[in-house]
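These are my notebook entries on a structure that I looked up.

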Amino acid sequence: MSPPPPPLGRSRRRAAQAFDAALDDAELVAARAALAQGRWQAARTLLAHTGDEWDLRGHRVTVLAMEPYSAAWARDWLLAEPESADASVLLALAQVQRALRGKEKADRAREACRTAAHRVPADPTPWLGMLMLEQGSTAAENAVRLFEQIRVRFADHHHAHHLMVARLAEHRAAAGPDPLHEVYDFANWAAEQAPADSPLAILPVIAHAERYRVLAAAGHEPADPAASGHWVGRRARQVMKSAFDWWLEWEHEGHPRRLVDLNFLAHAKVCEGRGAEAAALFHRIGEHPTPAPWSYPDRDPYPAFRAARDHALGTV
């Protein structure tokens, strides 16, 4: 039996206003609100219109799957339309999210992803779900295999590259800073392989922030990122300059996850001490902060974002 619609209330309203995984996708916000009340038809229409825009599809399915009752409503959808590939993919990602919250067995979520992948062989989204389940696993070869399955279907998959960077950054944390760490090689390789207008050009900045997260957690960097020398070396500055220059030339207003990149780039510019450049990025971010990297390594992300933004905007 499907659960009743959750009651409307004010709990967590402030957190929802501060961080919304939907970012600025108004259609997604509307479909998610309908799904939260058990009306899966809006999600059906949204995903049908999304088609094979794989970055957009992955973003929308992932956000819809975060709703607590998403799995139940996706099962209702499958009962009504047993052949629906979209319902199967949403159910798979909803079970992944439940597994990540400790509410579902990971093996069951993987099996749901395999079922969805069989129904829609060209879709990288079920494989993205399986890659999410590798968080915290020590079997690196599994993550690499899943990442390759995603790249075969869509070589420039934004979310998958971010997951791999976060995973690779955790290798050899105890060894301390290493300018030749493999995460930098991977990010540079991915940026070079991608088309000139691909947002993967920002990936070296993501790698730099993820490596800071790991090093700070291990005690090799200060807990205040702005007090760290991690962003001020010659190599780091070149990475930040190249990424900012790319943004100035290729700014993508339409990419579904561009605000993720903008938050990482603004964070880097703040840590680098480039207030004017950070201010330009904060203007684009508007009211769409993301928890990462403002939470790194263990900070309260929204106050960290607000303080950084206020300081940067006060410098121009």
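Entry 1: I began with Leu 64 and listed its contacts, where contact means heavy atoms within 4.5 Å. Setting aside neighbours within four places in sequence, I found Leu 64 in contact with Leu 28, Ala 31, Arg 32, Leu 35, Ala 43, Leu 46, Leu 47, Ser 70 and Leu 90. I noted that this is a predicted model, in which local features need pLDDT of at least 70 and side-chain atom pairs count only at pLDDT 80 or more, while totals for chains, interfaces and linings use all residues. Residues are numbered from 1 along each chain as its sequence is written, and side-chain values use heavy atoms, with hydrogens and water left out.

I then looked up the nonpolar core, which is a set of buried Ala, Val, Leu, Ile, Met, Phe, Trp, Tyr and Cys residues joined through side-chain atoms within 4.5 Å. Buried means under 20% relative accessible area, exposed means over 50%, and partly exposed lies in between (1.4 Å probe, protein chains only). The largest such core has 91 residues, and Leu 64, Leu 90, Leu 131, Val 205, Leu 265 and Phe 282 have the most contacts inside it. Helix 6 (residues 85-100) gives the largest share of this core, 10 residues. Helices (H or I, at least four residues) and strands (E, at least two) are DSSP runs, numbered from the N terminus. As background, I wrote down that in soluble globular proteins nonpolar side chains tend to be buried together.

**Entry 2: Leu 203.** I found Leu 203 in helix 12 (residues 203-217). With a relative accessible area of 1%, Leu 203 is buried. Not counting residues up to four places away in sequence, Leu 203 touches His 161, His 162, Val 165, Phe 186, Ala 187 and Ala 190. I also looked up its distance from Ala 109, which is 94 residues away along the chain: the two C-alpha atoms are separated by 28 Å.

**Entry 3: aromatic pairs.** Rings of Phe, Tyr and Trp (its six-membered ring) pair if their centres lie within 6.5 Å; planes under 30 degrees apart count as stacked, over 60 as edge-to-face and the rest as tilted. By this rule I noted 11 aromatic pairs. Phe 264 and Tyr 296 are edge-to-face because their ring centres are 6.4 Å apart and their planes stand at 65 degrees. Phe 264 lies in helix 14 (residues 258-272) and Tyr 296 in the loop between helix 16 (291-294) and helix 17 (301-313), so this pair ties together parts that are 32 residues apart in sequence. Both Phe 264 and Tyr 296 are buried.

I next looked at Phe 282 and Phe 305, an edge-to-face pair at 5.7 Å centre to centre, with 65 degrees between the planes. Phe 282 is in helix 15 (residues 275-285) and Phe 305 in helix 17, so the pair ties together parts 23 residues apart in sequence. Phe 282 counts as buried at 2% relative accessibility, and Phe 305 counts as buried at 0%. Ring pairs link Phe 19, Phe 282, Trp 294, Tyr 302 and Phe 305 into a cluster.

**Entry 4: salt bridges.** A salt bridge is a side-chain nitrogen of Lys or Arg within 4 Å of a carboxyl oxygen of Asp or Glu. By this rule I noted 24 salt bridges. Glu 253 and Arg 258 meet in one of them, at 3.8 Å, N to O. Glu 253 is partly exposed, with a relative accessible area of 48%, whereas Arg 258 counts as buried at 14%. Arg 284 also forms a salt bridge with Glu 253, at 3.9 Å, N to O. That pair links distant parts of the chain, with Arg 284 in helix 15 and Glu 253 in the loop between helix 13 (234-250) and helix 14, 31 residues apart.

I recorded a further salt bridge between Arg 309 and Glu 287, at 3.1 Å, N to O. Arg 309 is in helix 17 and Glu 287 in the loop between helix 15 and helix 16, 22 residues apart. Arg 309 is buried, with a relative accessible area of 10%. Through shared partners, salt bridges join Asp 24, Glu 251, Glu 253, Arg 258 and Arg 284 into one network.
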